[in-house]
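Subject: Structure handover

Hello,

Here is the structure I promised to pass on. Please open it first, then read my notes below.

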Amino acid sequence: MSRTMSLLLVSLLWSLPARAAEIPEFKWRKVEIDTIQIGYGVQIADVDGDGREDIVLADKETVQWYQNPDWQKHVIAEKLTERDNVCVTARDIDGDGKCEIAVGGQWNFRESLKDGAVFYLIPPEDRTQKWTPVKLYNDPSTHRMHWIRARDNEYRLAVKPLRGRGSMDGEGPGLRVLEYIRPEDPRADWKHEVICDFMHLSHNFHPVNWDDDAEEELIVAGKEGVWHFDREESEWVAERLTENFAGEIRDGRLPNGRRFIATIEPMHGSVAAAYVQPKDGVAPWVPLKVLDESLKDGHAVACADLLGVGSDQIIVGWRGMNDPGVPGIKLFTPLDDSGSSWRETRVSGEEVAVEDLKVGDLNGDGRIDIIAAARQTKNLVIFFNETSR
């Protein structure tokens, strides 16, 4: 080996721990705020318009929100369907500082012909009281939903089933991702349009904004890999980003500014992985790192800058249910600009069996916290971020 190469190797080996030493360790304070049944879906949004982020939860039979800062629980809907609720979305879509809420229910994991439900909830003047449900059209197997921003700051409700109508184990007709247009009177008929209709066993999806316009796009994970959907004029254009069967999907930024996506593979899987956007922008995305191959029933992923370093970390949660084992949450931190080396931090273990998790600043201190809803352990837990800056 030449002297130049030797010096370069020494420099690289020296720079990694030096850079890693500058990145703070994640510190947290765990607070359990409620005992729940399942905790299918959790969202962070301002419900009452006081400027503080509240917690919205779709539990087995109820929809409730927890009021910041003392986390008092307000049940706003219950027993909307005979079977379980399965998802919820909460976002201020009309600019009044208070979120609008929709919920999906009548959950039946195997069924793909008749079960499923979608509701829009109309709030009363006192938002701590029961909200009025408005039942919308639904395809079978309702599973996840998001409010997404369209043209002219209009918001639409995107709803994704797990399975296509009449399909079995990922074979048969593709599922339809639908977008609903809210009428001026939400009790009136909601029109809906099809975003895509070819994917199978799509467990999760996520709104993103990767281009120059204000409209949001979608990244959708499923049996066919991860796909990006962008509205162009009157239709949605699909681009395949990855090929591996993925269950969970979120996006973030590396220290060098390049965009990445984080996945759990396959659905309810054991692998946490990351992919980086190609420099030329042309798909497919480049495999960046297999972060973990030991998850037991991986069920949630989030990307955010919990450490305050100007780039994102990846938070992964698993529940240890279908593939029995110890559940938990891990934080993965890139230690170099390109994301070739990552630090793993175990945030929780068997005390939180994650069904869903979200991230946001819950106490207004400028640091991003984690909120996790847990199934087998039946608890709703906040991990308040106390990382030193």
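Four strands each supply at least two residues of the lining of the largest cavity: E2 (41–45), E6 (87–91), E10 (142–149) and E26 (354–360). Strands (E, at least two residues) and helices (H or I, at least four) are DSSP runs, numbered from the N terminus. The model is predicted, so local features need pLDDT of at least 70 and side-chain atom pairs count only at pLDDT 80 or more, while totals for chains, interfaces and linings use all residues. Residues are numbered from 1 along each chain as its sequence is written, and side-chain values use heavy atoms, with hydrogens and water left out.

**Cavities**

Some terms come first. The search uses a 1 Å grid over the protein atoms alone. A cavity is a set of points where a 1.4 Å probe fits but cannot get out. A pocket is an open set with protein on both sides within 12 Å along at least five of seven lines. Lining residues have an atom within 4 Å of a point. Grid points are joined across faces, edges and corners, and a volume is the space filled by probe spheres set on the points.

How many cavities of 30 Å³ or more does the whole structure hold? The search finds two. The largest cavity has about 120 Å³ of space. Its lining has 14 residues, and Gln43, Val88, Arg144, Asp356 and Lys358 lie nearest the centre. By class, six are nonpolar, four polar and four charged. Here nonpolar means Ala, Val, Leu, Ile, Met, Phe, Trp, Tyr, Cys and Pro; charged means Asp, Glu, Lys and Arg; the others, Gly among them, are polar.

The second largest cavity has a volume of about 40 Å³. Its lining includes Val118, Asn138, Arg176 and Tyr180. Strands E11 (155–161) and E12 (175–181) each give at least two residues to this lining. The classes here are five nonpolar, two polar and three charged.

Now the open spaces. The largest pocket holds about 690 Å³. It is lined by 29 residues, with Gln43, His206, Arg250, Lys358 and Val359 closest to its centre. Two or more lining residues come from each of E2, E6, E10, E14 (205–208), E18 (248–253), E22 (298–304) and E26. Eleven of the lining residues are nonpolar, seven polar and eleven charged.

The second largest pocket has about 220 Å³ of space. Of its 14 lining residues, Trp210, Glu217, His228, Asp230 and Glu239 are closest to the centre. Strands E16 (225–232) and E17 (235–240) each supply at least two residues of the lining. Its classes are five nonpolar, three polar and six charged.

**Two open sheets**

Two strands pair if DSSP finds at least two bridges between them. E1 and E28 (residues 379–385) pair over seven bridges. Look for Lys30, which stands opposite Phe383 in E28.

Another open sheet of four strands runs E18-E19-E20-E21, again with antiparallel pairing. Five bridges join E20 (residues 271–276) to E21. Ala273 has Val290 in E21 as its bridge partner.

**Strand E15**

Is E15 (residues 217–222) mostly covered or mostly open? It is mostly covered, with six of its six residues buried. Buried means under 20% relative accessible area, exposed over 50%, and partly exposed in between (1.4 Å probe, protein chains only). In a regular strand the side chains alternate between the two faces of the sheet. Glu217, Ile219 and Ala221 are buried on one side of E15, and Leu218, Val220 and Gly222 on the other. E15 pairs antiparallel with E14 over four bridges. E15 also runs antiparallel to E16, joined by five bridges. A hairpin of two residues links E15 to E16.

Best wishes
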